[in-house]
Structures are given as structure tokens and as C-alpha cells.
Amino acid sequence: MLRNSVRTTSKTLSPLLRKQSSKFAASRLISSRSISFQSTSRPVLFQNSSNQYVNNTTASRFLKPTQFAFIRGEATVVKVPDMAESITEGTLASFAKEVGEYVEQDELIATIETDKIDVEVNAPFGGIVKELLAQPEDTVVVGQDLIKIEKSAKPEGAAAPKKAEEPKKEESAAPAAAAPTPAKEEPKKAAPSPQTPTPAAAPKATPPPAAPKKNTAPPPATGAFSRHEERIKMNRMRLRIAERLKEAQNTAASLTTFNEVDMSALMEMRKLYKDEILKQTGTKFGFMGAFSKASALAMKNIPAVNGAIENGDTMVYRDYVDLSIAVATPKGLVTPIVRNVESLSILEIEDAIAGLGRKARDGKLTLEDMAGGTFTISNGGVFGSLYGTPIINMPQTAVLGLHGIKQRPVTVNGKIESRPMMYIALTYDHRMLDGREAVTFLRTVKELIEDPRKMLLV
């Protein structure tokens, strides 16, 4: 009885053992083949446990199957990257590549507009664009599928078409150059045939009537008054600017105080040293550095100008000055920041402002360049502004507005003289700053600019 049960058990187990042994043998065969594949110089694709075809040259021994992003015959989806902690979505401005085009690794493939900056999306690897998963002007969120790229080597003829187009253009230009020569010969042959000047004048007279006919069509259209209207959707940056400006008007108790500055001393100082400074340091000596330094020095006596109101009931005072510089760009006004202005010299401030201005014009500003800011200077004088009231850049307390320099008659020691004068304006939040403090701050800036030597004594 015992023997029969043992025999029965062995019969039932033997198929299972054979299956296990066959699986073991197969696994050894696959592993041996994978090792042999890795010893070859050419890349070989083999199938892993997740039914993915994996390249043997990409450290297949050490990575999990789920870490391989590339599958033969399939494209990899590039997603919208992380933009910043406070930014979760944007507007797709454009694609830099079309379907079927080859893209290099780290090459720009798309641009996304956000509230503050334009985010560039670069290709994580080289390959061919297979599909665009969004359309320009679409709202895209972080992590959304954006574009499909099939990883591949750069086609040999990728650069050839550009070279091939040049000869085509030359060939097309050659016939175009050859065309006028027969055209000149034909009228020459036509001229002797009539042997009279009148027929030659007749064909020349025929083109002028054709020209007036073409010109007769536009006059009725141009004669009527134009009633055309064009509607353009505001981009995200413009929408954000509008929102913040309206927030400043609705939140702050804004008030503006004015003064005028005699720029004679600073202009004379700039005239004497600008060439020497440019030659020695490569820095252009302007007026923004002096006004920035003067503002930072004036804040030592009036720290509330550099403060802010937090949560509606807390006043914050700072011992550092992060200066926001208003820069106009084609897409709107941006305010990149010069950090720790109180610790910089006038020339160091000029260098920092020039660098931020270049980045703003080139669209290369980052979120770090615009995050924060404790005080703002807006120079409308570069556009010819004579007078104006700037708007506070919330949550800051004040903004200094500079305007154009104009020759005006002023009284100096009882005599009327023509001096280069500039109006300056300080818009401030009356909740944080009293009128006495605001006027004192602006007067201090005026005195430091009218006699720049005082900046060495403060």
C-alpha cells in the first residue's frame, strides 16, 4: 500500500520536476546568451522578463527592467518638466521641431509660457520626432505628455539636404540670370523689323496702362475709412502683470511724493570717468548704479521703505536690500533682482543690472532671477518720460520712479541758470510708511545724487 502511494506521488511529481528543470535550463541558456551578447562589440537587443527588448550595452545587468525607457519600434514620451514650486501649468507657445525631423540631445523642442518666464523643453536624447501630443496655445500641466521621440542615431543624410538646397538655388538662379539675356535679345530683334521708331514706342507705351489698372483697384479700398479691429489673447505673463498691478491698487494705500534732482554733478562725474572705467573694467558707468546705491544708503535711516506688511497685521524689517529693476521686454514688464545692493559698489551694481538686462532681452531669465525683491526702481526716463506715478510691486512697500533729464532754468545762488534736471517720484504704501518718512527718504536720495561724494561718507 505504501509502495503504491509512493509510485503514484512520483508519477504526479515527475512532470512538475521536468517543467522546473526545463525552466532552469532555459534561464541558464538565456543568461549565457545575454553574457555572450555583451561580449560582442555590436549592440544586441534581447527580451527581458517584462517582454521588453533591451540593449545589452546599457548596463542591462545592473538596472531593473522598468528602468529601460527605450523599446525597439516604439517612441518615448517626453513630458512637461517641473517648472517651479509655484508654477504647475503653462501655455504651449510653440514646437521647435515637426514630425519626422531629427532632434539632437539637449536640443530645444518646445517652449512653454508661464506667469513669470518662458520654460524651454529640451530633448533628453537624440531621435526622430514621431508625434506632437499637444497644440500651440494649449494649456499644459507638469507631467503631461508633450511629444513622442523615437531614439535613433542621427541619419547620415540629415545635414545633406541643406547642402543640396544650395546647388539647387544656384541652378535656379542661373536660369533666372540667363532669362533676361534672351529677353534683351528679343526686343533687339523686334526693333529692327519695323525699322521705325513708332512701333518701338508703342510696345513701351502698352505697359504703363497696365500699371494704372493695377493701381485703380486699391484707391476705392484706401479711400474708405478703415474700421478693422484685431483681438489678440493676452499671454500668461501679461495676464499676471495685470493681476498684480490691480492687486496693488486694491490692497495698498498708495500715495506718491515728488522731488527734482540737479544731475549736474553726477553727469560731470560720469563724463570724467566713464571712458577710464570702461577701458579698465569693461563696465558702462550709468545712472542706475548711483540711484540704487543712494537708495540703499537712504534706507539705513528709513528702514520702513525696505520693509513689508505680512498677513495684513505684521510689519517686516530687513537688513538687506534686494533691488528689483523694472525691465521692459516684448512680452511685458519683468523685474529681475540685484541681491544685497547694500554691500555692492556702484560699478558692481551697474554690472549686475547690465547682466540682468541682457538676460531679460534674450528671454533667459530664470525664476531665481525674479524671486523676492524688497524695493523697486523703475526708470521711465530711458523712454523719454517727463513725469509719472509708478505702481507698487506687491508685497513691497515702495517704488522709486526715475524720469527724463531735461534742461530747465533753475535758481542757483540767486542766479537763474540752465541745469539738467530730473523729476523723481516715490510711490509708497501709507499703511507701512508715513508721509514724513517718505519725503525724508526721497530728499536723502536727492542730496546724495546732487553730491555723489557724500556716498563715501555715509
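Q: Which element gives the most to the lining of the largest pocket?
A: α10 does, with seven residues. The others that supply at least two residues each are α8 (264-281), β15 (327-329), β18 (375-379) and β19 (398-412), while α10 itself covers 346-361. The labels come from DSSP runs, numbered from the N terminus: helices are H or I with at least four residues, strands E with at least two. The model is predicted, and local features need pLDDT of at least 70, side-chain atom pairs count only at pLDDT 80 or more, and totals for chains, interfaces and linings use all residues. Residues are numbered from 1 along each chain as its sequence is written, and side-chain values use heavy atoms, with hydrogens and water left out.

Q: What makes a space a pocket and not a cavity?
A: On a 1 Å grid over the protein atoms alone, a cavity is a set of points where a 1.4 Å probe fits but cannot get out, whereas a pocket is an open set with protein on both sides within 12 Å along at least five of seven lines. The largest pocket here holds about 950 Å³ of space. Of its 33 lining residues, Met288, Ile353, Arg361, Asn379 and Val382 are the closest to the centre. A lining residue has an atom within 4 Å of a point. The volume is the space filled by probe spheres set on the points, which are joined across faces, edges and corners.

Q: How is the lining of the largest pocket divided by class?
A: There are 15 nonpolar, 10 polar and eight charged residues. Ala, Val, Leu, Ile, Met, Phe, Trp, Tyr, Cys and Pro count as nonpolar, Asp, Glu, Lys and Arg as charged, and the others, Gly among them, as polar.

Q: What is the volume of the second largest pocket, and which residues are the closest to its centre?
A: The second largest pocket has about 790 Å³. Its lining counts 29 residues, with Arg244, Leu333, Val334, Thr335 and Asn393 the closest to the centre. α7 (236-251), β16 (332-334) and β18 each supply at least two of the lining residues, and the largest share, six residues, comes from α7. By class this lining has 15 nonpolar, nine polar and five charged residues.

Q: Why is Phe95 called buried?
A: Buried means under 20% relative accessible area, exposed over 50%, and partly exposed in between (1.4 Å probe, protein chains only). Phe95 has 13% relative accessibility, so it counts as buried. Phe95 lies in strand β4, residues 89-95. Apart from neighbours within four places in sequence, Phe95 is in contact with Ile109, Ala110, Leu132, Ala134, Leu146 and Ile147, contact being heavy atoms within 4.5 Å.

Q: How do you know that β4 pairs with β6 and β9?
A: Two strands pair if DSSP finds at least two bridges between them. β4 has four bridges to strand β6, residues 108-113, and three to strand β9, residues 139-141; both pairings are antiparallel. In β6, Phe95 has Ala110 as its bridge partner and Thr91 has Glu113. In β9, Val140 is the partner of Gly90.

Q: What makes β7 and β9 edge strands?
A: The open sheet of four strands has the order β7-β6-β4-β9, with antiparallel pairing. β7 (118-122) and β9 each pair on one side only, which puts them at the edges. From one strand to the next, the twist averages 45 degrees; axes are lines fitted to C-alpha atoms, for helices over the stretch in contact, and angles run from 0 to 180 degrees between N-to-C directions.

Q: Why is helix α9 described as largely enclosed?
A: In α9 (residues 288-298), 11 of the 11 residues are buried, so the helix is largely enclosed by the rest of the structure. Among these buried residues are Met288, Phe291, Lys293 and Leu297.

Q: Why are Glu137 and Asn311 called exposed?
A: Glu137 has 54% relative accessibility and therefore counts as exposed; Asn311, at 69%, also counts as exposed. Glu137 lies in the loop between β8 (127-132) and β9, Asn311 in the loop between β12 (308-310) and β13 (314-316).

Q: What is the phi of Glu137, and what is that of Asn311?
A: Glu137 has a positive phi of about 80 degrees, and Asn311 a positive phi of about 60 degrees. Neither residue is a glycine. Most residues other than glycine have a negative phi, and most peptide bonds are trans.

Q: Which peptide bond is cis, joining Met394 to what residue?
A: The bond joins Met394 and Pro395, with omega about 5 degrees. Pro395 sits in the loop between β18 and β19.
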